[in-house]
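Here is a short report for a reader who is new to this structure.

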Amino acid sequence: MRIVEKDGRFLLQGVHCFHLAHTLECGQSFRWQLCEDGFWEGIAAGHFCRVRQEKTVLIFTHTTRRQILDFWIPYFCLDEDYAALCRDFRTDPALARAIRFAPGIRLLRQEPWETLCTFIISQNNHIPRIRGIVGRLCDLFGSRTAPGPAAFPDPKELSGLQVEDLAPLRCGFRAKYLLDAAQKVSCGAIDFAQLSQMSAEEARQTLCGIYGVGPKVADCVLLYGLHKTQVIPMDVWMKRVMAAQYPAGLPEKFAPYGGIAQQYLFHYARHHASKP
């Protein structure tokens with residue numbers, strides 16, 4: 001890949017095995033919006049950009065060459081060899097079918113605190129409502145960037161609040177879960193740097209010490225926030241897929257990348273509800 005600057009935009013050329021829309025719409029992130037001009041607008045870990053894909057080129061605005069190299073390429077996981085990974089996945093019939101449907105999905109490297117909160121909000125919820133709650137949370141308590149939407153609020157900002165302070169979010173029972181998470185992160189009881197060094201099982205148990213966080217939310221944090229690619233979050237869709245296609249579990253050779261495999265399978269299952 002190489003970056004070319006043209007007319008005030010940065011063109012990241014030579015991007016293969018990547019589909020921007022499929023990656024942003026497959027249920028792993030909730031802060032990207034598709035604009036009328038075809039650009040996706042989003043903010044991640046305090047970094048704002050607008051980005052559009054034209055075949056093998058990503059066109060960036062409102063960012064810098066250095067941020068593309070240091071942040072956006074790793075964020076979109078463009079520094080990993082998905083072509084080789086998908087060649088291996090295609091040896092499995094169910095995965096081959098899922099990859100044919102959406103071959104360009106990549107696992108985003110997200111900020112773990114934001115990931116924790118957004119997947120707490122995702123419990124018993126649907127994507128449009130999740131996006132709305134997350135947007136209101138940022139608008140009310142996040143710092144404003146220029147340009148772009150508000151950044152995700154710092155845990156210390158939320159840790160001193162009361163449940164009633166979150167009433168404008170309309171997030172229901174999840175408010176008390178968010179506050180407990182903020183308090184545990186801000187006081188250091190949950191340390192993401194330490195979690196990244198733990199085994200998946202140990203990190204899962206630690207995250208489940210947060211009020212309202214169960215194994216599924218914990219596994220989403222491990223996969224999407226800490227990039228533990230062996231972790232497979234199990235929601236209703238994946239339980240159906242595993243029961244129908246992998247009653248004995250994913251093939252062992254895919255174990256180190258089971259979380260990436262599930263992203264293809266999950267996306268396919270949601271769009272083919274009668275044929276998991």
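Buried means under 20% relative accessible area, exposed means over 50%, and partly exposed lies in between, with a 1.4 Å probe and protein chains only. Phe119 counts as buried because its relative accessibility is 4%. This is a predicted model, in which local features need pLDDT of at least 70, side-chain atom pairs count only at pLDDT 80 or more, and totals for chains, interfaces and linings use all residues. Residues are numbered from 1 along each chain as its sequence is written, and side-chain values use heavy atoms, with hydrogens and water left out.

**Aromatic pairs**

The structure holds 17 aromatic pairs. Rings of Phe, Tyr and Trp (its six-membered ring) pair if their centres lie within 6.5 Å; planes under 30 degrees apart count as stacked, over 60 as edge-to-face and the rest as tilted. Trp32 and Phe76 form a tilted pair, because their planes stand at 45°, with the ring centres 5.9 Å apart. This pair links distant parts of the chain, 44 residues apart. Trp32 is in strand 3 (residues 32-34), and Phe76 is in the loop between helix 2 (65-75) and helix 3 (82-89). Helices (H or I, at least four residues) and strands (E, at least two) are DSSP runs, numbered from the N terminus. Both Trp32 and Phe76 are buried.

Phe119 and Tyr224 make a stacked pair, 5.3 Å from centre to centre and with 15° between the planes. Phe119 belongs to helix 5 (residues 112-121) and Tyr224 to helix 11 (residues 215-225). They are 105 residues apart, so this pair too links distant parts of the chain. Tyr224 counts as buried, at 5% relative accessibility.

Ring pairs also build a cluster. Its members are Phe18, Trp32, Phe71, Trp72, Tyr75 and Phe76.

**A charge over a ring**

Arg240 lies over the face of Trp237, 5.0 Å from the ring centre. A charge sits over a ring if NZ of Lys or CZ of Arg is within 6 Å of the ring centre and within 35 degrees of the ring normal.

**Positive phi**

Which loop holds Ala45? Ala45 sits between strand 4 (40-44) and strand 5 (47-54). Lys55 lies in the loop between strand 5 and strand 6 (57-61). Neither residue is a glycine, and phi is positive in Ala45 and in Lys55.

| Residue | Phi | Relative accessibility |
|---|---|---|
| Ala45 | near 50° | 41%, partly exposed |
| Lys55 | near 55° | 78%, exposed |
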